[in-house]
Structures are given as C-alpha cells and as structure tokens.
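Me: I have just opened this one and would like a walk through it. Could you take me through a few parts?

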Amino acid sequence: MKVLYHAGMYNPAPVPSYWEATANRDVLLGNPLSGNDACDVAIIGGGFTGLSAALHLARDFNLDVRVLDGGPMGWGASGRNGGFCCLPATKLSIKQMIGKYGLEETRKFWASQLDGVDLVRSLAGDEGIDYDLQGDGNLEVAHRPSAFEDLREYGEQLKSLFGINSHLYRREEFAEIGFDSQEQFGALKIESGFALHPLKFSLGLAAAAQRHGATLYPNSLVTHWEKTDGRHVLRTEQGSLAANKVIVATNGFTREGMHRAFDKRMLPVISNILVTRPLSDDELAAQKWQTEMPVVNTRNLLFYFRMLKDRRFMIGARGDWTGAPEDAEKMKTWLTRRVGEVFPAWRNAEVDYFWRGFVCMTRKFSPSLGQDADDPSLFYGYAFHANGVNTAPWVGMKLAEMVAGKDGVEATIPAVLRGHAPRFPFAGLRLWYLRASAAYYRWQDD
C-alpha cells in the first residue's frame, strides 16, 4: 500500500511522547487477530472515531463489533495530539461555510461541534475515564496588533449566529489573567471546551468499549481486503475477519490502496509537538502565565500551546514535507528556537519530549461522515482538520447510529459533514499543493 511520507511516519507503534510517559498501558486492551473470525461490524482504526463507534455499537445496540488496528489502541493521532477539545473541525470560515451550505446547515454544524464537546465530557463521566481535564474554555490569541479586530468580529459571529459566548481581552487585560509574550496582542476566550490528556481518553474509550462487549484486535494491520458472498473479509498477517459491515476510521494514517473508496481523498499533514521540562515559579511569573486553558494563535500556520499539569510547557506547529528523521530534528531545532523568541524567559528551558504525527485535511476543508454510495455496507469518518478531539468521538457515535439503522440519524448530520471529500486531481502532487499553500500562508502571517 502506498504512502505519501517517509515510511517511518506510518510505523504502527507508540511514539516517545509526554502522553505515553504519563499514561498506563499495563491494562490489556485486546490481543492480535489470530485465525478466522466473523462479526456483525468490523472497525478499522482504534482511535477516537473507531473506539467511540465500537463503544456505542456494543453498549447501545448490542452488536458484535471488532476493532482492528495496526498498532496498540490509540497509537496514532488520537493518542499523540495536543489534547485540545475545541472548535471547529474545519478550515472554512463562517462566511465561506454559509456561502457553500447556507445558514441553517452552518448552524447545525456548529451545534454538532458543541455536542461533541459535551459528548467527550459525558463519556468520561459515564465510563469513569480519568483524562486530566484542564481549563474552562479555549483561547485564541492575536499574534499581531491587526489580528485583534478579527478576534472581535469572530466573537460577535459566534454569539449572534450560534449562541456561543466569548470574552475579548485587550493585551494589557489578558496579561493580567492569562499570559504575556512577544506575540500576544489581545485574546478571545471562547466559553466552550477544555484541555485533556488525549492518550488517557483514548485508552479509557478502549477499555469502556471492551467492557461493554467489543473485541479489540491491536497489532493487526489490515493487509488485504476483499468481499466474498456479500461479506467483507479483512486479512491480517495472522488471521482474517469476516464482517457484514465495515467502518473505516484510519484518518490521516490511511494508506492508499487499502480500499479504492478512500484513495486520493485525504491529505495528511505533519504536526510537531514539543514539551519542556517543568518551569519554575520565576519562569512562569516572567511571562505572567496564569491559565490552564488551551491556546491557539491567529496565524494561518498556527502555534497551539498549553501549560500541562506539572508545569511543563507544550507547543505544537505544522511540520516538514518528508517525514524523514533528519527533517524531524530540523523541526525540533526550529520549534525550540521559536519558544525562546515568543517566550523569552523560557529560552533556556530544556526540551524533554518531542514527537510528531498526522492531522488530516481534504479539498472539502471539513470532516467527511457517511455511507459509501457504491457499497452501503461500508461507512467512514475522516478528516478532522486538526480538531478531532471533540469531533471524532461524535462522528463515531453517529456512525454507530447509522450502522445500527437508527431512525432519523441522517437528519442529525449537518450537510457540512455529509459525504466523501472529492478526490485530489493529480493526487501524486498533493504534497506540492501543500507546500504552495504553506508558502502563501507564511507570507500572510509575516
């Protein structure tokens, strides 16, 4: 099966991240598929989407569901992202979305985003998942003075169109309650969402799905897929699984050639994350840092950052174009330098963790959720555009409802999400499209 980046990016194994260092993988979450087996529903992908779908199918619909993943549960994007439960999972502006889908469907989309935040919180409560919740909202920070008015307009749109409350702070005000930096010129607090430990949440979903009857098959990479006598047959190195229905939930780690329905639709984009050593009281005070809320800035090629519970600073940014190990080292050096440029008092804070993974984008610029038109026994959810923590579990829940045949579920899915993303023309040039877009956005950000 084909891949766009260096093969090491697709290695189905946990990365040396802060999350892996602070989560407990000692609980046995399944065994590799061995021999020949069969089920009602097979799910390919053991991340937020697939595990949420498995949990809901087993718990709410009493179906025999199996989850296949090439590595341990939660090894991919779901277990290595920044842990931002925030809005929205799209690269479309509100104006663009209204122009394309209309105001009513745009409102449905934003309502689904809020529902996703609530779902994460309720799943954690209902299933007893300890996920290190932090903060009571999300922050967007103006990286230059001219971006402040954009934040004002954005906050007004959120309130008037979708009923989402926010609060705008000028630079001096925000420095007293949030932080100060070389790229802080005011901030918007959006009163929805929070931060969490993504791997603890992933493993909690896996344990809950297993407890309710789902069968988990980690380290079971699907190497061959065929359809025989109306049933899907998924083959791995050690066995095969026949299923009446299949959900594909592999997102940015989807390999070309796994199934033709998904080829040339997705554009995985590398994202890097760096975590420092714990910061001292004096270092925190020097930047006036006082918040546990997750933060993004207003750059098109944004930084996203937060303070972890043990006072380590975490920052993430988009990555390189190859996925090669030597380029990872270059990105680590660059991101370390940028921490010192934006937060001068932390220039000498040693880096304890650095890792990377994929976010998934498409030509549609919004997630895709649905039932394949050519094969109604095939379902999918993908492309969360770097905001999957709230959206992917919600998509997994909706996929479970669709697979189980729940009445009226189609009407609850916004048009923004419905259907496959269009294929990329000249798909072999996807990374060149990405380079061109990045160059344009970098020019806009300067």
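Reply: Gladly, and please keep in mind that this is a predicted model. We can begin with surface patches, which are made of residues with over 30% relative accessible area and no salt bridge, nonpolar side chains being joined within 5 Å.

Me: OK, which residues form a nonpolar patch on the surface here?

Reply: The patch is formed by Phe 426, Leu 429 and Trp 432, which together have about 400 Å² of accessible area.

Me: Where is Phe 426 found, and is it buried or exposed?

Reply: Phe 426 belongs to the loop that runs between helix 11 (388-403) and helix 12 (430-445). Phe 426 counts as exposed because its relative accessible area is 66%, and the cut-off for that word is over 50%.

Me: And Lys 398, buried or exposed?

Reply: Lys 398, which is found in helix 11, is buried, with a relative accessible area of 9%. If neighbours within four places in sequence are left aside, Lys 398 is in contact with Leu 369, Val 409 and Thr 412.

Me: Switching to sheets: in what order do the eight strands of the open sheet come?

Reply: The order is 5-6-4-13-14-15-12-16, with mixed pairing. Strand 5 (166-169) and strand 16 (351-361) stand at the edges with a single partner strand each, so one side of each has no neighbour in the sheet. From one strand to the next, the twist averages 20°.

Me: How do strand 4 and strand 6 run?

Reply: Strand 4 (residues 138-141) and strand 6 (residues 187-190) run antiparallel and are joined by four bridges, with Asn 138 standing opposite Ile 190 of strand 6. Helix 6 (residues 148-162) lies across strand 4, strand 5 and strand 6, and runs at about 20° to strand 6. Helix 10 (residues 325-342) also packs on the sheet, where it touches strand 12 (267-278), strand 14 (303-307), strand 15 (312-318) and strand 16, its direction making about 110° with that of strand 16.

Me: Last topic: why is strand 18 largely enclosed?

Reply: Strand 18 (residues 378-382) is largely enclosed by the rest of the structure because five of its five residues are buried. Leu 378, Tyr 380 and Tyr 382 cover one side, in the sense that they are buried there, while Phe 379 and Gly 381 are buried on the other.

Me: Which strands are joined to strand 18 by bridges?

Reply: Strand 11 (residues 239-248) runs parallel to strand 18, with three bridges between them, whereas strand 17 (residues 368-371) pairs with strand 18 in the antiparallel sense over four bridges. Phe 379 is the bridge partner of Ile 247 and also of Gln 371. A hairpin of six residues connects strand 17 to strand 18.

Technical notes: Residues numbered from 1 in each chain as written. Predicted model: local features only at pLDDT ≥ 70, side-chain atom pairs only at ≥ 80, totals over all residues. Heavy atoms only, no water. Patch = residues over 30% accessible without salt bridge, like charges linked within 9 Å, V, L, I, M, F, W, Y side chains within 5 Å. Areas by Shrake-Rupley, 256 points an atom, 1.4 Å probe, with all protein chains shown as cover. Salt bridge = Lys/Arg side-chain N within 4 Å of Asp/Glu carboxyl O. Helix = DSSP H or I, 4+ residues; strand = E, 2+ residues; numbered from the N terminus. Buried < 20%, exposed > 50% of the residue type's maximum accessible area, 1.4 Å probe, protein only. Pairing = 2+ DSSP bridges. Axes fitted to C-alpha atoms, helices over the stretch in contact; angles between N-to-C directions. Contact = heavy atoms within 4.5 Å.
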